[in-house]
Amino acid sequence: FTKGDADTREAFVKALGESLEEYGFVAVEGHGIPRDLIYENYSNFQRFFEMPETIKKKYEDPETGRQRGYTSFGVEHAKDSKKADLKEFFHVGRELPSSDPMSGRLAKNLWPAEIEEVEKASKALYDELDRVAFDVLEAFSLYLGQPNAFLPAMADKGNTILRVIHYPVCDGFDEPGVMRAAQHEDINLMTLLPPADESGLELLTREGEWLPIHAIPGQIIVDTGDMMSRITNDQIPATTHRVVNPKGDPKPRYSMPFFVHPHLDVVLEVMESCVPEGETAKYEPIPNDEFLTQRLREIGLAK
């Protein structure tokens with residue numbers, strides 16, 4: 001899509017869009033993100049998660065909905081579940097120049113002073129994933145019959161988050177109904193997921209069957225979230241997915257979803273082209289920040 005001729009670009013747009021419309025998931029190759037950068041971040045954050053709880057909690061800020069920094073084990077739960085997921089995680093957000101009017105409106109990153117390498121490496125990975133996200137959003141805009149800048153404009157200077165997740169080996173594996181990540185849908189427009197170090201991710205097909213998803217080195221898994229489903233009048237699904245507990249000899253699992261969010265001033269409004277003639281949109285317009293806050297409360301991250 002980024003370097004091909006018109007026919008190649010058109011084929012990419014078709015394959016991308018049809019997969020997202022059918023499954024809500026697609027594997028993307030040729031993205032150009034250095035593999036070493038991905039594994040450097042896994043290594044850095046593994047060191048962070050191995051630190052004592054008292055140190056990690058220095059970087060936890062419940063008052064701001066934990067939008068940046070650390071979130072303790074046992075805090076987040078799926079929207080329709082009262083039992084917490086078996087995970088802890090760390091959020092890295094967008095950084096803008098202080099001269100940018102948006103700079104003061106985005107939460108500030110919380111960098112662990114104990115591991116200096118975290119800041120530089122995670123910023124580099126954030127920028128690489130952001131670049132790929134805008135390419136994918138451009139292609140998907142074309143699939144939806146919109147100008148190529150339609151979705152990228154929504155995400156420009158958006159409150160996009162890199163979440164680094166640690167799923168430890170723990171006693172909770174034995175409790176009925178508890179898993180590493182209970183079934184849920186992503187909140188945001190689109191998510192990019194570099195390969196995790198262990199399996200466990202599954203999506204729920206339209207036929208009601210759980211399909212294991214294995215990203216191989218060189219691939220990034222892309223999925224669409226609630227915000228995308230909303231603005232397309234449910235034409236594009238926010239596919240239910242989960243991370244199941246390991247079988248056999250359990251091992252820790254690390255993953256790094258990149259949650260692409262709109263600009264804070266974007267209003268989530270159903271696209272006219274997605275409303276069949278003679279029908280009305282399923283959803284009323286809502287400011288995306290209001291929608292996000294509502295969903296963060298539902299999963300236990302905001303008050």
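Aspartate 234 sits in the loop between helix H6 (226-231) and strand S10 (241-243), with helices (H or I, at least four residues) and strands (E, at least two) taken as DSSP runs numbered from the N terminus. Aspartate 234 isn't a glycine, yet its phi is positive, at about 70°. At 30% relative accessibility this aspartate 234 is partly exposed, that is, between buried (under 20% relative accessible area) and exposed (over 50%), using a 1.4 Å probe and protein chains only. The model is a predicted one, with local features needing pLDDT of at least 70 and side-chain atom pairs pLDDT 80 or more, while totals for chains, interfaces and linings use all residues. Residues are numbered from 1 along each chain as its sequence is written, and side-chain values use heavy atoms, leaving out hydrogens and water.

Lysine 157 is another non-glycine residue with a positive phi, near 60°. The loop that holds lysine 157 runs between helix H5 (150-155) and strand S4 (161-167), and lysine 157 is partly exposed, with a relative accessible area of 30%.

As for cavities, the structure has one of 30 Å³ or more. A cavity here is a set of points, on a 1 Å grid over the protein atoms alone, where a 1.4 Å probe fits but cannot get out; lining residues have an atom within 4 Å of a point. The largest cavity has a volume of about 540 Å³, volume being the space filled by probe spheres set on the points, which are joined across faces, edges and corners. Its lining counts 39 residues, and Glu76, Arg163, His184, Asp186 and Phe259 are the closest to the centre. S4 contributes the most to this lining, with four residues.

Conventions: 1 Å grid on protein atoms, 1.4 Å probe; cavity = no way out; pocket = protein on both sides within 12 Å on 5 of 7 lines; lining within 4 Å.
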